[in-house]
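Please read them with the structure open.

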Amino acid sequence: MSVDFFWRLPTHGEPSSHRNPAPFRGDWPPGADNSQRIGLSGGGEDGFSYIDYVAEIAKAAEISGFHGGLIPSFPMTDEPWAISSILARETKTFRFMIAFQPGFLNPVTAARMTASLQRATNGRALFNIITGGGGPSQLWWGDVAGHDDRYTRTTEFLDILRGVWKGEAFSYNGKFYQVENAALPYPLTKEEFPEIYFSGSSDAALVSASKHADYYLTWLEPFAQLREKFERVKHKTDALGRKIKCAVRVDIVARPTEEEAWREVKRGFENLSPEVIQRFNSRAGSGDSVGASRQGGFRPSSVNSYKDLIVEPNIWSGFNLLRGGQGNGIVGSYEQVAERLDDLVKLGADAFILASTPHLEEAYRVGEEVLPLVKGLR
Amino acid sequence: MAIEFIWQLPSSGDARFGDARFTKRGERDNENHVYSSHVTDPRGTRFNYFDYLHQVARAADLTGFNGIQIQHDLAGDESWIIVGYVLRGTRHLKLLTEFEASRGSAVYAAKNAVSYQRFSGNRFAWQISSGDGEQVRKQQGDALAEIDTYQRIDEFIRVAKGVITQAPFSFKGDFFEVLEGGFKGPLAGNPVPTIYLSGESDQAIAISAEHADYHIINPLKADDIQPLIQRINAKNPELAISLRIDLLARETEEEAVADAERFLAQTASAAHIDTGNHLPLVYQRLATQHTHANLTLVGSYADIILQIKDYINAGVSSFIFAGIPHLEEAYRIGEHVLPQLRALSNSASNAA
């Protein structure tokens with residue numbers, strides 16, 4: 001076996017460290033998503049914009065030995081299709097993992113976009129297909145489909161993407177999509193079909209994943225729970241006839257010593273405003289994402305110290321206090337972080353999407369100090 | 001009024017007025033050996049057509065065009081990927097990107113557009129086209145009836161403008177629905193892409209009059225331009241007129257006509273000379289299969305400059321030009337035609 005490491009492009013801007021939300025790189029002020037502040041590359045008059053900083057991270061990641069990076073998509077972020085095509089020419093090996101919801105694009109258009117992006121990047125595009133989320137926020141995007149319906153739609157979308165890929169006339173009559181004699185034009189047909197990282201924890205998601213996913217991607221959960229999840233995914237998808245691999249998206253804080261690593265987290269926690277803690281303590285689940293509620297399930301009922309959020313050795317569940325996204329992450333010395341990653345490999349992980357703040361400097365740190373220590377043996 | 005000159009980016013392939021075969025410069029197959037086996041070829045498969053498209057975009061930027069039009073051509077590469085690919089290699093060009101309202105969620109399109117605006121210094125522009133009829137649409141996974149195409153364009157623009165400029169924004173139409181939408185934070189406050197629409201029906205012109213900044217005309221005959229412009233201006237006198245036309249310009253008329261006739265002989269095209277009493281000559285459907293334009297001005301630099309000046313006097317303030325091959329002809333037009341037109345439009349604006 002072999003393990004692939006990806007990094008993340010922080011589409012929602014980023015603080016200059018885990019310790020403090022300011023100064024902030026990009027024009028997203030933390031905690032206030034309806035105002036705009038000029039930060040580094042924040043749309044000033046110098047002609048630079050946030051893409052210049054994102055380009056720095058992508059190049060740091062490819063130099064540091066990552067395969068590429070996940071490009072997340074949320075209502076407040078720039079879009080990964082745009083970012084990928086814009087950075088195609090100035091990167092060499094960086095693979096663009098585009099997070100997107102299939103319902104937002106016509107599948108035949110998406111097939112042509114994908115093949116063109118493969119041509120523009122010399123085959124460096126791949127997908128993180130998102131289907132869940134949902135609830136009222138799905139209508140923000142203009143999407144009216146319900147939760148389980150959306151997985152049916154994802155399956156149909158990927159059926160069509162694969163169907164038109166080889167350039168022979170393809171017809172399809174689905175619940176959501178109908179196509180008559182569609183085909184990609186030559187030479188777009190020369191390209192490899194992109195690898196698919198698939199997210200979603202519900203049963204409907206697993207049925208769809210078993211048909212189309214190459215990797216089943218999950219947030220970090222407590223290790224025992226994750227082992228059970230990977231086994232369930234592999235069991236279910238094996239039964240449906242497709243071998244899929246597993247991948248983990250995880251935030252890390254790695255320092256030369258464990259003490260230094262926890263100091264980062266402690267300083268970050270202490271710099272949180274009381275309102276942020278209060279909101280964290282009282283936050284009710286929203287939307288109908290199963291993955292998000294699995295994460296939230298083991299949060300302590302009230303938090304007074306960063307230590308309250310240590311759920312097992314080197315695992316801290318307060319990362320979503322420091323920035324958006326998932327709660328759980330790995331904190332420790334370089335050796336410890338590498339060991340925890342190896343633990344995850346042993347319980348079934350074949351690929352990782354790592355992230356740490358700030359993503360530019362930490363890409364070098366993790367690439368130089370942590371990845372060489374990972375054994376990658378199951 | 002400032003006149004803009006836009007050059008076409010040929011997204012599905014190029015050709016030469018002296019050699020009508022389709023080419024995709026840079027595109028290579030492993031088995032595609034064009035040289036004798038005794039001649040070494042260093043290229044391998046390192047290049048493809050994107051490398052050439054980038055050169056055409058740079059050529060337009062370097063030679064003083066105001067923008068590029070990225071063709072929506074189902075036989076070629078996808079226009080939104082191409083625009084991203086050339087975005088950071090160009091400095092001044094308006095990036096006019098053609099597509100259809102069938103591409104998916106209007107919110108998603110608007111959101112991608114905001115990223116292109118933010119990262120290009122607001123150079124992104126939209127040309128929303130109505131497509132090639134029901135059969136082609138069905139191939140594209142789009143079951144829309146022909147009669148509904150313009151209504152969908154109308155809704156697409158309402159939704160896109162809505163989420164870019166307002167929050168919260170809600171909409172419920174026949175094709176799109178949004179609840180409590182609208183962009184926030186750094187995605188708020190960005191300009192709506194400049195909108196180019198086209199079409200000669202009353203409905204198309206009415207939608208342009210309401211939403212568009214430019215209405216693109218592609219008339220079959222030069223003589224039809226004046227009445228068409230009058231119809232459009234009657235609906236909205238502020239709506240700018242953009243003319244889509246090809247140029248085959250040479251130092252002399254003889255050279256230009258020779259190239260046009262050779263091209264016709266190679267393509268067996270149905271093109272013919274439009275009977276008119278003045279130069280340059282106007283050919284119909286000369287290189288349409290390559291450029292999608294109906295008309296080509298064929299003549300000397302001087303005559304073509306005069307004809308373009310006539311168009312300007314008739315009310316055209318934007319030109320979308322093409323010529324094949326698009327790289328060489330961008331330099332030719334940029335060097336031999338645009339400078340004098342700039343002088344004309346500058347002196348006109350100075351006098352005004």
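1. Helices here are DSSP runs of H or I with at least four residues, and strands are runs of E with at least two, both numbered from the N terminus. On that basis chain B has 12 helices and 14 strands.

2. This is a predicted model, in which local features need pLDDT of at least 70 and side-chain atom pairs count only at pLDDT 80 or more, while totals for chains, interfaces and linings use all residues. Residues are numbered from 1 along each chain as its sequence is written, and chains are lettered from A and ligands numbered from 1 in the order in which they are written.

3. The radius of gyration is taken over C-alpha atoms, and the globule rule is 2.2 Å times the number of residues to the power 0.38. For the 352 residues of chain B a compact globule would come near 20 Å, and the chain has 21 Å, which agrees. Along the principal axes, its C-alpha atoms fill a box of roughly 60 × 55 × 40 Å.

4. Two residues are in contact if their C-beta atoms, placed from the backbone, lie within 7 Å. Of the contacts in chain B between residues at least 6 apart in sequence, 69% join residues at least 24 apart.

5. Where the chains meet, chain A gives 50 residues and chain B gives 48 residues. On the side of chain A that touches chain B, α1 (50-63), α2 (80-87), α3 (107-121), α4 (136-140) and β8 (178-182) each supply at least two residues. The largest share, nine residues, is from α3(A).

6. Leaving aside neighbours within four places in sequence, A:Y216 has contacts with A:F198, A:A209, A:V233, A:I244, A:C246 and A:A247.
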